Amino acid sequence: METGYTVEQLRAAVADAIRAPSLHNVQPWRFRLRDGGIEVLVDPTRRLPATDPSGWGARVAGGAALFNLRLALTVSGTPAAVRLRPYPSEPNVLARLLPDLPRRPTPAEQHLYAAIPRRFSNRAPFWPDPVPADARWQLGEAARAEHCWLELLIGVSAVNAFAEIANGAHRVLERDPGYRAERAAWVRATHAPDGVPAAAGGPQAEPQDLLPSRSFGGSQRAPGRDFEPEPLVAVLGSAGNTAVDQVVAGQALQRVLLTAADAGLSVSMLSQPIEVPTAREQLRMSLGRFGTPQMVMRIGYGQPGRPTPRRPVDEVLDLPVRAALTNQLPT
Ligand SMILES: Cc1cc2nc3c(=O)[nH]c(=O)nc-3n(C[C@H](O)[C@H](O)[C@H](O)COP(=O)(O)O)c2cc1C
């Protein structure tokens, strides 16, 4: 088997990487071919200053894209050796990937890979059917395999306590006109390569809803189609909250999301209680966990939906000139 990556192999892997989720589908990433490897970068022109002032969301999204990239390269036969934040003077470079020893992908890796194009955020109400114990265990394992933890909130009182924290954070955020304007600017009424399509935005919020939902211009819900009364809520957390921890959390998030998609489960994300520092601390204390909550997910069985658009690979991939001409990576 060949060692080293070809440009076409990396281009195909980037097409998988960009299927990752991102806040408001801003797709805040770039990919750079350099010295026989590939790098994942935050695109500073795609920051959300009001919604994501610290850059946490961009790093989590970049980590999720990195997980897809790793998986795609593994399934192509040459896994990558990864260094996170390899250049202290270039904090926007989240990771550098070089070819590791070629090997066959495992069936589990192939299953996760196959789930990449099927995964999407499902903001609609789920069916009341409970998520089986083995699927719950697999979701926890997915987080642990990426050095994170996943806490599933068990029982009505735990979910109600979480809902109180999440609704408080939602109200804090909604008071900020900059935050509201940013969200409105990323809702897409017609087809676009980025942003949240109104059709994917979920139903409009109603007073009886337990959990807050970001308003992406969704439709009125059908009568009787309320959200599930006892949602499965999962909190993903990392050991710390450095920039590297956030990239690690992004990789774990994507592994959990793909594991869910592979098990036929739908997921929506709610990060309001992560974005408001006091709410995040309340959430951490309510879980009694060390480390830092990085994302909250609602998980269940949903109706079919469709993936949201992405920008073309050529818009996010920086090729060295010679590689573009010869399909060979300069070393
Ligand atoms: C860091 C982060 C935070 C997110 N927060 C929310 C949220 O609070 N509410 C929501 O509905 N979706 C949230 N999402 C999901 C994105 O809106 C979604 O990934 C994006 O619109 C692309 O759609 P897709 O997931 O269907 O591919 C978040 C995603 C990321 C990566």
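How many nonpolar, polar and charged residues does the shell around the ligand have?

Entry 1. I noted first that this is a predicted model, where local features need pLDDT of at least 70, side-chain atom pairs count only at pLDDT 80 or more, and totals for chains, interfaces and linings use all residues. Residues are numbered from 1 along each chain as its sequence is written, and side-chain values use heavy atoms, with hydrogens and water left out.

Entry 2. I counted the shell by class and got nine nonpolar, eight polar and four charged residues. Ala, Val, Leu, Ile, Met, Phe, Trp, Tyr, Cys and Pro count as nonpolar, Asp, Glu, Lys and Arg as charged, and the others, Gly among them, as polar. I found 21 residues around the ligand (a heavy atom within 4 Å). The closest are Arg 119, Ser 121, Arg 123, Arg 214 and Arg 310.

Entry 3. I looked up polar contacts, pairs of N or O atoms within 3.5 Å. Oxygen atoms of the ligand lie 2.7 Å from a polar side-chain atom of Arg 119 and 2.6 Å from one of Ser 121. On the backbone, a polar atom of Met 269 is 2.9 Å from a nitrogen atom of the ligand. The protein buries 98% of the 620 Å² that the ligand exposes when taken alone (Shrake-Rupley method, 1.4 Å probe).

Entry 4. I searched the whole structure for cavities of 30 Å³ or more and found one. A cavity is a set of points on a 1 Å grid over the protein atoms alone where a 1.4 Å probe fits but cannot get out, and lining residues have an atom within 4 Å of a point. The largest cavity has a volume of about 50 Å³, the space filled by probe spheres set on the points. Its lining includes Arg 46, Arg 47 and Asp 52.

Note on methods: A polar contact is a pair of N or O atoms within 3.5 Å; within protein, one must be able to donate a hydrogen and the other to accept it, and residues adjacent in sequence count only if both atoms are side-chain atoms. On a 1 Å grid over the protein atoms alone, a cavity is a set of points where a 1.4 Å probe fits but cannot get out, and a pocket is an open set with protein on both sides within 12 Å along at least five of seven lines; lining residues have an atom within 4 Å of a point.
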